[in-house]
Amino acid sequence: MKKKKPVAGAFSALGKDLREIGTTFVKGDWKTKISFLIMGFGPILRGQIVKGLAFLAAEILFFVYLFGFGLQYLSKINTLGTVETQKIHRHTVYGDNSFLILLFGILTIVIIAAIILVWRMNVRENFVEEKKLREGKTLPSNKKALASLLDENFDKTLMALPMLGVFVFTVLPIIFMVCVAFTNYDATHQSPTNLFTWVGLDNFKNLFSFGSNGFGKTFGTVLSWTLVWAFFATFIDYFVGLAVAMLINKKGIRFKKVWRTILVVTIAVPQFVSLLYVSKMFDNDGIVNGFLMRIGLIDSYIPFWQDPLLAKVMIILINIWIGIPYMMLIATGLLMNIPEDLYESAKIDGANPGQMFRHITLPYMLFVTGPFLLTQFTGNLNNFNVIYLLSGGGPQSLKLTGNAGHTDLLVTWLYKMTVNDTDYKMAAVIGIMVFIVVAVVTLSVYNLLPSVKDEEGFQ
Amino acid sequence: MSDTTKFESLSKKKRRENTICYIILVLISIIWLFPFFGLVMQSFRSYDTEFGGMVGYLIPKHFSLDNYKFLFSGETNYLRWYLNTVIIALANAVLQTAIILAVSYSLSRMRFKGRELLMRFWLVLGMFPGFLTMICMYFLLKQFGLTQAGAVPGLILTYAASSGMGYYVCKGYFDTIPKALDEAARIDGATRAQVFYIMTIPLSKPIVIYTALTAFMAPWCDYIFASYVAFGHDKSYNVAVAMQRWVFTNDYQGYFTRFCAGGVLVAIPVMLLFMALQKYYVEGVTGGAVKG
């Protein structure tokens, strides 16, 4: 990997860019100069009609958007609206809608950034065209420019829609929610009836305040359970799954395919069916308690989901049922890749099965599945389904604020805040915290992984 | 003489070892299948004579199809929910596969400006929890009229729109196809698009099936976002959203066996499909796990 100083690199690139824009303007002909204002002007006059019109259309669309729609929201983004919704003579007169102001304000800012990029491309296009003409080369025909979208520029064709989709449905909402973390958007500040506004770092202070109303203690509790859960869920599944895979792969064991298929059933059946049923199995009046009482092992039901510690243990145990099959499938493929002669020579040297596992199988598996373990761990940090379908985050606790229960992960807590409490501002703060936790874990582990090679190394 | 006894005792030891292994495997299998056995048994319990609640015994006293009849009786929108889910799953399988293939091909084969930056950026985006953006997505969809009554197309759009980020496994597979093949085809005059359609996709059959299969199965489990988008509009629910209510909010004591019956009907086709395509699934997860 190349190691550059990122900040210095960015500045020098920016400087180079500005210099090129300058020289393009100074040395360019009049067509280029007008192109600085009317995008695509130069290319159109030079016969590059398709490209030129695309630039021109982008510029026109931009101004139509800005003045017809975007500007009214952007201009209010610093206050998020001042006009309250009022009731005048039994008519509701809607004022500013803080939600839309924030959302479309952000959209407008991003679109402005995008148009600057397009403008830069337009300048570059002029520069390239002029250079080519000066060197006596001909410019590609319009037909060729279009055809290149299926050839050299095929990536642009393929990536356009997916990137737009990710932008609208992932990037924009994330920027929006990150901004919400700095506002007071909650149940008492619901748009369009009420306005909400910027409050700076108040919500973050609230998250780390340990007073009676503060979220500090709850956050600490939920975060530590999230980490404990992710640790156990990942490593228990990993080692038990590996053991099961080795068991099935053992020489002399028949019907390998049957055993595998039986295990894989838990992947095949949608989790909302299987996990909900299992959750009800262990309910107070469920089949497990019913059976144990009937045979006289217990007198009163075991509170599987009411006792905090028991609920946690149950979740981790039931997760084995769901999680092992993945590991088993992966391990099965990988175990076969370990060269047989490694084991043969170990056997000749007098190694017992335990030693062979410790010195051959395990190091190999850990080496190859490092990235998988990492993604499993971060996936478990956000494992919504298992927690939500099994315990719903319960049992509830009076000691915790924000409706958090004993088995709530950060994500399920976030979900409860959004849906039950409509405390959007704190939900956004928790979301950012989840991001930070995942990012810290990923970055610190990723660079330690032995199997992380240069991406191009695989090809 | 001593040699043969030694040999016999060794094979005896092996046999005993294997017997233990078999016992463990049978135990595991029982644990794994027990809940599903229970689910099926409960679904056949007679609603008329034994009511629909939870009971402490496994085998029903009277077998009947009461619960299944209820699902098809039109008392609830079960068939509509089922259809909704099938539509979403099929559309998702097609759109998501197309998008993931397109993105993977571009990232694996083309070298464009900002490619690595884009991959890193998407990796960072993936670290945000999905539910964070739920409210914002809801209002975005609402702007287009794609909530409540329009929840089905709304969900299809949302799933497809963000699917580009899930390219890892597929790109990893494309990376293993030798680039020399591409270059040879290009020398013969094929365009990039032709290489993609005529060569890369047919060569990647396992990963195409894997992608489509996972895309098809995901919507069956989506409860959270689906319930948020379809909120309060019964006809737009998918099975997960609708049947969740039978267990949680409605009086589950009466609806429990109905939930089981509905669950069996959901599980069977999805499970059969999965089992039929299991080979490709294994190839996908194994490849994905190793390359990360």
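A nonpolar core is a set of buried Ala, Val, Leu, Ile, Met, Phe, Trp, Tyr and Cys residues joined through C-beta atoms within 7 Å. Buried, in turn, stands for 20 or more other C-beta atoms within 10 Å of a residue's own, exposed for 12 or fewer, and partly exposed for anything in between, with C-beta atoms placed from the backbone. The views below come from a predicted model, in which local features need pLDDT of at least 70, side-chain atom pairs count only at pLDDT 80 or more, and totals for chains, interfaces and linings use all residues. Residues are numbered from 1 along each chain as its sequence is written, and chains are lettered from A and ligands numbered from 1 in the order in which they are written.

**View 1. The largest nonpolar core.**
Welcome to the largest nonpolar core, which has 172 residues. Those with the most contacts inside it are L410(A), L414(A), A428(A), I430(A) and A240(B). Helix α13 (residues 308-335) of chain A gives the most to this core, contributing 13 residues; helices here are DSSP runs of H or I with at least four residues, strands are runs of E with at least two, and both are numbered from the N terminus. For a closer look, pick L414(A): leaving aside residues up to four places away in sequence, it touches A427(A), I430(A) and G431(A), along with P129(B), F131(B) and L132(B). Touching, or contact, is counted when the C-beta atoms of two residues, placed from the backbone, lie within 7 Å.

**View 2. Where chain B meets chain A.**
Here 73 residues from chain B are in contact with 79 residues from chain A. On the chain B side, helix α1 (residues 2-43) provides the largest share, 13 residues. By class, that side of chain B has 53 nonpolar, 15 polar and five charged residues. In this scheme Ala, Val, Leu, Ile, Met, Phe, Trp, Tyr, Cys and Pro are nonpolar, Asp, Glu, Lys and Arg are charged, and the others, Gly among them, are polar.

Chain B has 15 helices and zero strands. Its radius of gyration, taken over C-alpha atoms, is 25 Å, well over the 19 Å of the globule rule for 292 residues, so chain B is more spread out than a compact globule; the rule is 2.2 Å times the number of residues to the power 0.38. The C-alpha trace of chain B spans about 85 × 75 × 35 Å along its principal axes, and 43% of the 292 residues count as buried. The domain assignment gives domain 1 (2-64) and domain 2 (69-291) of chain B, with bounds that come from an automatic or database assignment. Their C-alpha centres are 34 Å apart. Where they meet, domain 1 of chain B supplies 10 residues and domain 2 of chain B supplies 11. Four of the residues on the domain 1 side, its largest share, come from α1(B).

Among the buried ones are V152(B), L155(B), I156(B) and Y159(B). The cover over them includes α7 (154-180) of chain A, together with α4 (78-109), α6 (134-143), α11 and α12 (224-229) of chain B.

**View 3. F216(B) on helix α11.**
F216(B) sits in helix α11 (residues 205-221) of chain B. With 23 other C-beta atoms within 10 Å, F216(B) is buried. Setting aside residues up to four places away in sequence, it touches A89(B), N92(B) and A93(B). The C-alpha atoms of F216(B) and V152(B) are separated by 15 Å, while the two residues are 64 apart along the chain.

**View 4. Two loop residues with positive phi in chain A.**
Most residues other than glycine have a negative phi. F255(A), which is not a glycine, has a positive phi of about 55 degrees. It is found in the loop between α9 (216-249) and α10 (256-268) of chain A, and it is exposed, with 12 other C-beta atoms within 10 Å. T422(A), also not a glycine, has a positive phi of about 45 degrees. This residue lies in the loop between α17 (410-419) and α18 (424-446) of chain A, where T422(A) counts as partly exposed, having 15 C-beta neighbours inside 10 Å.
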